[in-house]
Amino acid sequence: MSDARSGAAFDPRAVTRPDPVLWTYYVLVAILSLPAFPITLIVLYCKYHTLRYRFDDKGVAMSWGVLMRREIYLTYRRIQDIHVTRNILHRWLGLATISVQTASGSAGAEMTIEGIREVEQLRDFLYAQMRGARGEQIASPADASVSAPSDEALGLLCEIRDELRRLRTHREA
């Protein structure tokens, strides 16, 4: 993985595995689980060592698991919202979690990307891909004003306005 502070450009396609610091985070989480420590550590060990990411032109894929293998593939077009969360351990270790939500109707995130240090760059990449997949232009400060309605919509609104004026003058007469 490239480090944004070193001046190298961030390439999400180079991200295939979580950062090794994620294992430290998982160990701390297992320790905090107190009596469930051994079981939690085994589960998180298996997740860490099988966790894989793939970012391509169409979407993002994530897979993990030993006995029960899970694979998720989201196209950029389906992404509705992206949330970045950092708890106190995340901040201490320089990590964050990116939650990707779709319009699937579920209350939780469809995909949770963990163990990435370049969180802001990955979030910006996902937003750019999401907008590009929908054919939207990324707004620049000069384009911050509301875009003009289409001619058809404007014509329909003018007809409604004229009809309301006609009804108002007819009622007053």
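Arg 123 sits in the partly exposed class, with a relative accessible area of 27%. In this predicted model, Arg 123 pairs up with Asp 124 in a salt bridge whose closest N and O atoms are 3.4 Å apart. Asp 124 is likewise partly exposed, at 43% relative accessibility.

Another of them joins the side chains of Arg 86 and Glu 120, with an N to O distance of 2.5 Å. Arg 86 belongs to the loop between strand E4 (79-85) and H3, while Glu 120 is in helix H4, so this bridge ties together parts 34 residues apart in sequence. Both ends are partly exposed: Arg 86 has a relative accessible area of 35%, and Glu 120 comes in at 34%.

A further bridge links Arg 117 and Asp 19, the closest N and O atoms lying 3.3 Å apart. Here the pair ties together parts that are 98 residues apart in sequence, because Arg 117 lies in the loop between strand E6 (111-114) and H4, and Asp 19 in the segment before helix H1 (21-32). Arg 117 is partly exposed at 32% relative accessibility, whereas Asp 19 is buried at 11%.

Leaving out residues up to four places away in sequence, Leu 93 touches Val 21, Thr 24, Tyr 25, Leu 28 and Arg 117. Leu 93 and Val 21 are 72 residues apart in sequence, yet their C-alpha atoms are 6.9 Å apart in space. With a relative accessible area of 13%, Leu 93 counts as buried because the cut-off is under 20%. His 90 is in helix H3 (residues 88-93) too, and is buried at 5%. Its contacts beyond four places in sequence are Tyr 25, Thr 85, Leu 95, Ala 96 and Thr 97.

Now for the nonpolar side of things. The largest nonpolar core has 34 residues, and Phe 55, Ile 113, Leu 122 and Leu 126 touch the most other members. Helix H4 (residues 119-133) supplies the largest share of this core, six residues. Setting aside neighbours within four places in sequence, Ile 113 contacts Tyr 53, Phe 55, Ala 96, Thr 97, Ile 98, Val 100, Leu 122 and Leu 126.

On the surface, a nonpolar patch is formed by Leu 156, Leu 157, Ile 160, Leu 164 and Leu 167, with about 470 Å² of accessible area together. Ile 160 is in helix H5 (residues 151-172) and is partly exposed, at 44% relative accessibility.

Methods:
Residues are numbered from 1 along each chain as its sequence is written. This is a predicted model: local features need pLDDT of at least 70, side-chain atom pairs count only at pLDDT 80 or more; totals for chains, interfaces and linings use all residues. Side-chain values use heavy atoms; hydrogens and water are left out. A nonpolar core is a set of buried Ala, Val, Leu, Ile, Met, Phe, Trp, Tyr and Cys residues joined through side-chain atoms within 4.5 Å. Buried means under 20% relative accessible area, exposed over 50%, partly exposed in between (1.4 Å probe, protein chains only). Helices (H or I, at least four residues) and strands (E, at least two) are DSSP runs, numbered from the N terminus. Contact means heavy atoms within 4.5 Å. Patches are made of residues with over 30% relative accessible area and no salt bridge: like charges are joined within 9 Å, nonpolar side chains (Val, Leu, Ile, Met, Phe, Trp, Tyr) within 5 Å. Accessible areas come from the Shrake-Rupley method with a 1.4 Å probe; for residues, only the protein chains shown count as cover. A salt bridge is a side-chain nitrogen of Lys or Arg within 4 Å of a carboxyl oxygen of Asp or Glu.
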